Amino acid sequence: MKMIELIPMVQDEKLSENYLRERGILKTFKKCERCGSEKLGMIRGDRWKCYSCKAEWSRRRYSILSLVRMKYSEFLLCLKCYEIELTVEKCSRELNIYPKTIHRLYTEFRKCICNNYIETISPSAKSIKCEIGSIGIKLLGKKVLILLPGQIDEKVDSVVSIMRKRVPNGPVIYYFEFSKIRDSVNQIAKAKSFSNLGTFWRFVNPRLLNLKGVSNNTFLLYLKELEFRFNNKELLFELVVSNIAENYRVVR
Ligand SMILES: [Zn+2]
(Lines give C-alpha, C1' and ligand atoms only; values in the text may rest on other atoms or scores of the structure.)
Protein backbone atom coordinates (compact mmCIF):
# COMPACT_ATOMS: atom_id res chain seq x y z
CA MET A 1 0.00 0.00 0.00
CA LYS A 2 1.32 3.36 -1.02
CA MET A 3 1.66 6.16 1.54
CA ILE A 4 -0.95 8.14 -0.35
CA GLU A 5 -3.50 5.33 0.14
CA LEU A 6 -2.51 4.80 3.75
CA ILE A 7 -2.99 8.41 4.85
CA PRO A 8 -6.81 8.52 4.64
CA MET A 9 -7.02 5.06 6.25
CA VAL A 10 -4.98 5.89 9.33
CA GLN A 11 -7.15 8.89 10.07
CA ASP A 12 -10.01 6.55 10.85
CA GLU A 13 -9.59 3.80 13.48
CA LYS A 14 -12.57 1.88 12.07
CA LEU A 15 -11.08 1.80 8.56
CA SER A 16 -7.70 0.74 9.96
CA GLU A 17 -9.30 -2.02 12.01
CA ASN A 18 -11.38 -3.26 9.08
CA TYR A 19 -8.33 -3.41 6.85
CA LEU A 20 -6.40 -5.41 9.47
CA ARG A 21 -9.30 -7.84 9.86
CA GLU A 22 -9.88 -8.24 6.12
CA ARG A 23 -6.22 -9.07 5.64
CA GLY A 24 -6.21 -11.62 8.46
CA ILE A 25 -3.96 -9.76 10.89
CA LEU A 26 -6.87 -9.35 13.29
CA LYS A 27 -8.70 -12.64 13.64
CA THR A 28 -12.36 -13.18 12.85
CA PHE A 29 -13.99 -15.47 15.36
CA LYS A 30 -16.78 -17.74 14.12
CA LYS A 31 -17.35 -19.84 17.23
CA CYS A 32 -17.07 -19.26 20.95
CA GLU A 33 -14.10 -21.18 22.32
CA ARG A 34 -15.85 -21.81 25.60
CA CYS A 35 -19.30 -23.05 24.50
CA GLY A 36 -19.06 -23.43 20.71
CA SER A 37 -21.93 -21.05 20.06
CA GLU A 38 -21.90 -19.05 16.84
CA LYS A 39 -23.81 -16.17 18.34
CA LEU A 40 -20.87 -13.80 18.52
CA GLY A 41 -20.56 -10.10 18.12
CA MET A 42 -18.05 -7.31 18.44
CA ILE A 43 -18.83 -5.08 21.38
CA ARG A 44 -17.42 -1.87 22.76
CA GLY A 45 -14.08 -1.79 24.52
CA ASP A 46 -12.28 -3.52 21.65
CA ARG A 47 -13.85 -6.87 22.51
CA TRP A 48 -15.75 -9.87 21.12
CA LYS A 49 -18.67 -11.31 23.05
CA CYS A 50 -20.47 -14.64 22.99
CA TYR A 51 -24.19 -13.96 23.51
CA SER A 52 -24.80 -17.54 24.66
CA CYS A 53 -22.34 -17.94 27.53
CA LYS A 54 -21.46 -14.24 27.93
CA ALA A 55 -17.74 -14.89 27.47
CA GLU A 56 -15.72 -11.90 26.29
CA TRP A 57 -12.27 -11.59 24.78
CA SER A 58 -10.10 -9.00 23.12
CA ARG A 59 -10.39 -8.29 19.41
CA ARG A 60 -6.61 -8.59 19.32
CA ARG A 61 -6.57 -12.16 20.58
CA TYR A 62 -4.15 -14.47 18.69
CA SER A 63 -2.86 -11.55 16.63
CA ILE A 64 0.45 -9.67 16.56
CA LEU A 65 -1.48 -6.73 18.02
CA SER A 66 -1.87 -8.57 21.31
CA LEU A 67 1.85 -7.94 21.91
CA VAL A 68 1.64 -4.17 21.97
CA ARG A 69 -0.57 -1.40 23.21
CA MET A 70 -1.13 0.93 20.31
CA LYS A 71 -3.95 2.04 18.08
CA TYR A 72 -4.72 0.13 14.88
CA SER A 73 -3.75 3.19 12.86
CA GLU A 74 -0.45 3.42 14.73
CA PHE A 75 0.26 -0.21 13.95
CA LEU A 76 -0.28 0.43 10.23
CA LEU A 77 2.00 3.46 10.35
CA CYS A 78 4.64 1.43 12.14
CA LEU A 79 4.41 -1.20 9.41
CA LYS A 80 4.81 1.51 6.77
CA CYS A 81 7.89 2.88 8.56
CA TYR A 82 9.32 -0.62 8.59
CA GLU A 83 8.62 -1.05 4.88
CA ILE A 84 10.43 2.15 3.96
CA GLU A 85 13.35 1.16 6.20
CA LEU A 86 13.00 3.85 8.81
CA THR A 87 15.11 2.97 11.84
CA VAL A 88 13.49 2.13 15.18
CA GLU A 89 14.64 5.48 16.56
CA LYS A 90 13.23 7.50 13.67
CA CYS A 91 9.96 5.58 13.66
CA SER A 92 9.68 6.09 17.42
CA ARG A 93 10.16 9.83 17.02
CA GLU A 94 7.74 10.14 14.11
CA LEU A 95 4.96 8.19 15.82
CA ASN A 96 5.65 9.26 19.39
CA ILE A 97 5.80 5.67 20.56
CA TYR A 98 8.43 4.13 22.87
CA PRO A 99 11.43 2.75 20.94
CA LYS A 100 11.10 -0.50 22.89
CA THR A 101 7.60 -1.05 21.51
CA ILE A 102 8.71 -0.29 17.95
CA HIS A 103 11.69 -2.59 18.35
CA ARG A 104 9.41 -5.38 19.52
CA LEU A 105 7.24 -4.99 16.43
CA TYR A 106 10.13 -4.69 13.99
CA THR A 107 11.59 -7.91 15.37
CA GLU A 108 8.22 -9.64 14.98
CA PHE A 109 7.92 -8.36 11.39
CA ARG A 110 11.36 -9.80 10.67
CA LYS A 111 10.49 -13.13 12.21
CA CYS A 112 7.27 -13.25 10.21
CA ILE A 113 8.88 -12.53 6.87
CA CYS A 114 11.44 -15.25 7.58
CA ASN A 115 8.60 -17.56 8.62
CA ASN A 116 10.12 -17.96 12.05
CA TYR A 117 12.72 -20.42 10.91
CA ILE A 118 15.78 -18.67 12.29
CA GLU A 119 15.05 -20.05 15.74
CA THR A 120 15.30 -23.60 14.50
CA ILE A 121 18.94 -23.27 13.47
CA SER A 122 20.11 -20.59 15.84
CA PRO A 123 23.74 -21.05 16.72
CA SER A 124 23.39 -20.31 20.40
CA ALA A 125 26.75 -18.56 20.27
CA LYS A 126 26.52 -15.49 22.39
CA SER A 127 30.21 -15.11 22.96
CA ILE A 128 31.83 -11.95 21.70
CA LYS A 129 34.39 -13.53 19.47
CA CYS A 130 33.24 -16.47 17.47
CA GLU A 131 32.81 -17.67 13.97
CA ILE A 132 29.19 -17.54 12.92
CA GLY A 133 29.94 -19.92 10.13
CA SER A 134 29.38 -19.64 6.45
CA ILE A 135 26.29 -18.61 4.62
CA GLY A 136 25.56 -19.66 1.06
CA ILE A 137 23.91 -17.67 -1.68
CA LYS A 138 21.94 -19.30 -4.45
CA LEU A 139 20.78 -17.42 -7.52
CA LEU A 140 17.25 -18.15 -8.66
CA GLY A 141 16.74 -16.05 -11.75
CA LYS A 142 16.51 -12.49 -10.51
CA LYS A 143 16.01 -13.62 -6.95
CA VAL A 144 18.45 -14.90 -4.37
CA LEU A 145 18.20 -17.45 -1.60
CA ILE A 146 20.41 -17.19 1.47
CA LEU A 147 21.32 -20.48 3.08
CA LEU A 148 22.17 -20.13 6.73
CA PRO A 149 24.99 -21.99 8.51
CA GLY A 150 24.29 -25.69 8.34
CA GLN A 151 22.09 -25.45 5.25
CA ILE A 152 24.75 -25.05 2.58
CA ASP A 153 24.84 -27.64 -0.20
CA GLU A 154 26.96 -28.05 -3.31
CA LYS A 155 24.55 -26.09 -5.49
CA VAL A 156 25.25 -22.69 -3.96
CA ASP A 157 26.72 -19.96 -6.15
CA SER A 158 28.71 -18.23 -3.46
CA VAL A 159 29.86 -18.87 0.07
CA VAL A 160 30.52 -16.07 2.51
CA SER A 161 32.21 -16.75 5.80
CA ILE A 162 31.35 -14.35 8.58
CA MET A 163 33.44 -13.48 11.58
CA ARG A 164 32.27 -11.53 14.55
CA LYS A 165 34.74 -9.36 16.44
CA ARG A 166 34.58 -6.73 19.12
CA VAL A 167 36.49 -3.49 18.88
CA PRO A 168 37.86 -2.63 22.36
CA ASN A 169 35.25 -0.44 24.07
CA GLY A 170 33.33 -0.43 20.82
CA PRO A 171 30.57 -2.27 19.07
CA VAL A 172 30.62 -5.76 17.66
CA ILE A 173 31.61 -5.79 14.03
CA TYR A 174 31.09 -8.46 11.42
CA TYR A 175 33.75 -9.35 8.91
CA PHE A 176 32.96 -10.99 5.61
CA GLU A 177 35.11 -13.22 3.52
CA PHE A 178 33.96 -14.48 0.16
CA SER A 179 34.74 -17.75 -1.47
CA LYS A 180 33.96 -18.15 -5.11
CA ILE A 181 32.17 -21.29 -6.03
CA ARG A 182 31.00 -20.83 -9.57
CA ASP A 183 32.44 -18.87 -12.48
CA SER A 184 29.55 -16.43 -12.35
CA VAL A 185 30.78 -15.22 -9.01
CA ASN A 186 33.95 -13.95 -10.61
CA GLN A 187 31.83 -11.27 -12.19
CA ILE A 188 31.46 -9.52 -8.86
CA ALA A 189 35.09 -8.57 -9.00
CA LYS A 190 34.54 -6.64 -12.22
CA ALA A 191 33.69 -3.05 -11.46
CA LYS A 192 30.79 -2.76 -13.86
CA SER A 193 29.32 -6.15 -13.30
CA PHE A 194 25.57 -6.37 -13.42
CA SER A 195 25.36 -9.96 -12.45
CA ASN A 196 22.54 -10.73 -10.09
CA LEU A 197 24.93 -11.63 -7.33
CA GLY A 198 26.72 -8.33 -7.74
CA THR A 199 23.39 -6.51 -7.70
CA PHE A 200 22.46 -8.33 -4.54
CA TRP A 201 25.67 -7.36 -2.74
CA ARG A 202 25.35 -3.77 -3.83
CA PHE A 203 21.90 -3.82 -2.27
CA VAL A 204 23.06 -5.52 0.92
CA ASN A 205 26.35 -3.73 1.62
CA PRO A 206 25.17 -0.24 2.61
CA ARG A 207 22.44 -1.77 4.75
CA LEU A 208 24.82 -4.04 6.65
CA LEU A 209 27.07 -1.08 7.41
CA ASN A 210 24.44 0.25 9.78
CA LEU A 211 24.40 -2.95 11.72
CA LYS A 212 26.57 -2.90 14.79
CA GLY A 213 26.48 -4.62 18.09
CA VAL A 214 23.70 -7.07 17.34
CA SER A 215 23.61 -10.70 18.35
CA ASN A 216 24.34 -13.46 15.86
CA ASN A 217 20.72 -14.46 15.63
CA THR A 218 19.64 -10.90 14.93
CA PHE A 219 22.32 -10.66 12.29
CA LEU A 220 21.13 -13.81 10.52
CA LEU A 221 17.55 -12.65 10.82
CA TYR A 222 18.52 -9.36 9.24
CA LEU A 223 20.29 -11.12 6.38
CA LYS A 224 17.14 -13.10 5.65
CA GLU A 225 15.15 -9.89 5.81
CA LEU A 226 17.45 -8.34 3.20
CA GLU A 227 16.93 -11.38 1.00
CA PHE A 228 13.16 -10.85 1.30
CA ARG A 229 13.46 -7.14 0.55
CA PHE A 230 15.69 -7.77 -2.46
CA ASN A 231 13.39 -10.43 -3.89
CA ASN A 232 10.20 -8.46 -3.28
CA LYS A 233 10.78 -4.86 -4.12
CA GLU A 234 7.18 -4.47 -5.29
CA LEU A 235 4.21 -4.91 -2.99
CA LEU A 236 6.41 -5.27 0.07
CA PHE A 237 3.77 -3.86 2.42
CA GLU A 238 1.14 -6.34 1.24
CA LEU A 239 3.55 -9.24 1.49
CA VAL A 240 4.58 -8.38 5.04
CA VAL A 241 0.88 -8.10 5.93
CA SER A 242 0.10 -11.56 4.57
CA ASN A 243 3.17 -13.07 6.22
CA ILE A 244 2.10 -11.66 9.59
CA ALA A 245 -1.44 -13.00 9.09
CA GLU A 246 -0.02 -16.40 8.14
CA ASN A 247 2.43 -16.59 11.06
CA TYR A 248 -0.22 -15.64 13.59
CA ARG A 249 -2.62 -18.29 12.37
CA VAL A 250 -5.01 -19.55 14.98
CA VAL A 251 -4.08 -23.14 15.63
CA ARG A 252 -6.89 -25.03 17.28
ZN1 LIG B 1 -19.85 -18.95 24.48
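**Loops, zinc site and helix packing in the predicted model**

The structure described here is a predicted model. Glu85 is found in the loop that links α3 to α4 (88-95). The backbone of Glu85 has phi near 65°, which is a positive value in a residue other than glycine. A phi near 65° is also given for Asp46, again a positive value in a residue other than glycine. Asp46 is placed in the loop between β1 (40-43) and β2 (47-50). With a relative accessibility of 25%, Asp46 counts as partly exposed.

The chain as a whole contains ten helices and seven strands. Of its 252 residues, 44% count as buried. Among contacts between residues at least 6 apart in sequence, 55% join residues at least 24 apart.

A zinc ion is coordinated through the SG atoms of Cys32, Cys35, Cys50 and Cys53, at 2.2 to 2.3 Å. Along the chain, these donors follow the spacing C-x2-C-x14-C-x2-C. The angles among the four donor atoms run from 105 to 112°, and the site is tetrahedral. For four tetrahedral donors, the ideal angle at a metal is 109.5 degrees.

Two helix pairs were examined. Two packed helices are described by the angle between their axes and the distance between the axes. In the pair formed by helix α1 (residues 3-10) and helix α3 (residues 72-83), the packing angle is about 165° and the axes are 10 Å apart. Because this angle is over 145 degrees, α1 and α3 are roughly antiparallel to each other. Their crossing is left-handed. On the α1 side the contact is made by Met3, Leu6, Met9 and Val10, and on the α3 side by Ser73, Leu76, Leu77 and Lys80.

The second pair consists of helix α5 (residues 99-113) and α9, whose axes come within 9 Å and cross at roughly 65°. The crossing of α5 and α9 is likewise left-handed. Arg110, Lys111 and Ile113 of α5 make the contact with Leu221, Tyr222, Glu225 and Phe228 of α9.

Lys138 lies in strand β4 (residues 130-140). The relative accessible area of Lys138 is 16%, so this lysine counts as buried, the limit being under 20%. Leaving aside residues up to four places away in sequence, Lys138 touches Lys143, Val144, Leu145, Leu147, Asp153, Lys155, Val156 and Asp157.

Leu235 is placed in the loop between α9 (216-231) and α10 (236-247). In contrast to the buried Lys138, Leu235 counts as exposed, because its relative accessibility of 59% is over 50%. Leu235 and Glu83 are 152 residues apart along the chain, and their C-alpha atoms are separated by 9.8 Å. Glu83 falls within the residue range of helix α3 (residues 72-83).

Definitions and conventions:
Residues are numbered from 1 along each chain as its sequence is written. This is a predicted model: local features need pLDDT of at least 70, side-chain atom pairs count only at pLDDT 80 or more; totals for chains, interfaces and linings use all residues. Side-chain values use heavy atoms; hydrogens and water are left out. Donors are N, O and S atoms within 2.8 Å of the metal (3.2 Å for Na, K and Ca); water is not among the atoms, so sites may look incomplete. Four donors count as tetrahedral if all angles lie between 85 and 135 degrees; four count as square planar and six as octahedral if opposite donors are over 155 degrees apart and all others between 65 and 115; anything else is irregular. Axes are lines fitted to C-alpha atoms, for helices over the stretch in contact, and angles run from 0 to 180 degrees between N-to-C directions. Helices (H or I, at least four residues) and strands (E, at least two) are DSSP runs, numbered from the N terminus. Angles under 35 degrees count as roughly parallel, over 145 as roughly antiparallel, 65 to 115 as roughly perpendicular and the rest as oblique. A crossing is left-handed if the near helix is turned anticlockwise from the far one by less than a right angle, and right-handed if clockwise. Contact means heavy atoms within 4.5 Å. Buried means under 20% relative accessible area, exposed over 50%, partly exposed in between (1.4 Å probe, protein chains only).
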